[in-house]
Amino acid sequence: MAVDTGEWLDTHRVELTGYCYRMLGSGFEAEDAVQETLVRALRAGYDPARGSLRAWLYSIATNVCVDMLRSAQRRALAMDLGPASEPGPDLGAPLPQGAWVQPVPDGRAVAGDPAEVAVLRETVRLAFVAALQYLPARQRAVLILREVLRFPAAEVARLLDTTVASVHSALQRARATLSVRAPAPAEPLGPEQHELLGRYVAAFERYDVPALVALMHEDATMSMPPFAWWLRGREHIAAALSHSDGTCDNARLVPTMASGSPAFGQYRWTGAEHEPFALVVLEVTAESITSCTTYLDLAHAFPLYGLPMSLPAPIRTNEHE
């Protein structure tokens, strides 16, 4: 019986997108890679002699990603590009989009039962994906297929057209590299974290800098792609926030999830409505915010995160009523 490869790929698009995202470090490129995987799969046609349909499609997706990585520079976070900056108005020149590990909407990259989703979210976090970018493409593929997706070594060898011994060797080298770069596991989002995020939103929307900084870990980082500028520590973050140019006045935050982390669409007030301004991705513990990454060039992508492209003016009530 013929297999409808296109229907299968549509059914499993989320897991393939998650795989390509970990490989490429960009949600946009991951979507392109999955589309190219579909095109190649439909062109070639599935032959059961190649193994399982799932493994065959992952083989195609791997080849697509490796092809895309041949001419690409390593994507990174600001903290990977140089030492921390000093607070000040000069952010430097923006870097091209291809320089950055960019987020991906959770709904497009992780799916399954709640326990499985919790594990997969850990492997699409910005810091983890940034660490993966230090691996050569084939090592990256082996580690993701074996450690994240739990493919047997023999199946990985078959879909990568190599030997089991080579798979084991590549996995050992990849683990050694990640052991010094991968971030500590994130805490699950429980009641304490949600309460902390609520206080963050309240402080941000009234732009209460002391309250915002009080929510941050003493060694918290703040960065704003596409600029390589980044800060470490409450003191420097407070200084930067205190000298804002007014962009954040009357701002609104709408919650979403990006790359396995709590995130917010930040909207700025135009005088008539709130318009998309930036996507803010946070790392949090039960006690504090440890990282704040504000993507200044992703306002156009708000619909992918389930965020509206405008917010109406708030309804003001008569305080004397």
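**Notes on the sheet, the helices and selected residues**

1. Met 216 stands opposite Ile 289 in β6. Strand β1 (residues 216–223) pairs with β6 in the parallel sense, over four bridges. Strands here are DSSP runs of E of at least two residues, helices are DSSP runs of H or I of at least four residues, and both are numbered from the N terminus. Two strands count as paired if DSSP finds at least two bridges between them.

2. The model is a predicted one, in which local features need pLDDT of at least 70 and side-chain atom pairs count only at pLDDT 80 or more, while totals for chains, interfaces and linings use all residues. Residues are numbered from 1 along each chain as its sequence is written, and side-chain values use heavy atoms, with hydrogens and water left out.

3. Strand β1 also pairs with β2, in the antiparallel sense and over three bridges. Met 222 stands opposite Leu 231 in β2. The two strands form a hairpin with six residues between them. Pro 226 is found in the loop between β1 and β2, and the peptide bond from Pro 225 to Pro 226 is cis, with omega near 20 degrees. Most residues other than glycine have a negative phi, and most peptide bonds are trans.

4. In the whole open sheet, six strands follow the order β2-β1-β6-β5-β4-β3, with mixed pairing. β2 (230–232) and β3 (252–258) stand at the edges with a single partner strand each, so one side of each is left without a neighbour in the sheet. Direction ignored, neighbouring strands of the sheet are turned by 20 degrees against each other on average. Angles run from 0 to 180 degrees between N-to-C directions, and axes are lines fitted to C-alpha atoms, for helices over the stretch in contact.

5. β3 pairs with strand β4 (residues 261–269) in the antiparallel sense over seven bridges; Arg 252 stands opposite Tyr 267 in β4. Helix α11 (residues 191–205) packs on this sheet and touches β3, β4, β5 (274–284) and β6 (289–295). The direction of α11 makes about 140 degrees with that of β5. Contact means heavy atoms within 4.5 Å.

6. Ser 259 is placed in the loop between β3 and β4. Ser 259 has a positive phi of about 50 degrees although it is not a glycine, and it is buried, with a relative accessible area of 0%. Buried means under 20% relative accessible area, exposed over 50%, and partly exposed in between, for a 1.4 Å probe and protein chains only.

7. β5 and β6 run antiparallel and are joined by six bridges. The bridge partner of Val 281 in β6 is Thr 293, and a hairpin joins β5 to β6 through four residues. β6 is mostly covered, as six of its seven residues are buried.

8. Among the helices, the axes of α4 (residues 53–69) and α8 (residues 137–148) come within 10 Å and cross at roughly 145 degrees. The contact is made by Tyr 58, Thr 62, Val 66 and Leu 69 of α4 and by Ala 137, Arg 140, Ala 141 and Leu 145 of α8. These residues divide into six nonpolar, one polar and one charged. Ala, Val, Leu, Ile, Met, Phe, Trp, Tyr, Cys and Pro count as nonpolar, Asp, Glu, Lys and Arg as charged, and the others, Gly among them, as polar.

9. Arg 150 is found in the loop between α8 and α9 (153–159). Arg 150 has a positive phi of about 60 degrees although it is not a glycine, and it is exposed, with a relative accessible area of 62%.

10. Leu 81 lies in the loop between α4 and α5 (106–109) and counts as partly exposed at 40% relative accessibility. Not counting residues up to four places away in sequence, Leu 81 touches Ala 76, Leu 95, Trp 100 and Ala 228. The C-alpha atoms of Leu 81 and Trp 100 are separated by 10.0 Å.

11. The structure holds zero disulfides, a disulfide being a pair of cysteine sulfur atoms within 2.5 Å. Cys 65 is buried, at 0% relative accessibility.
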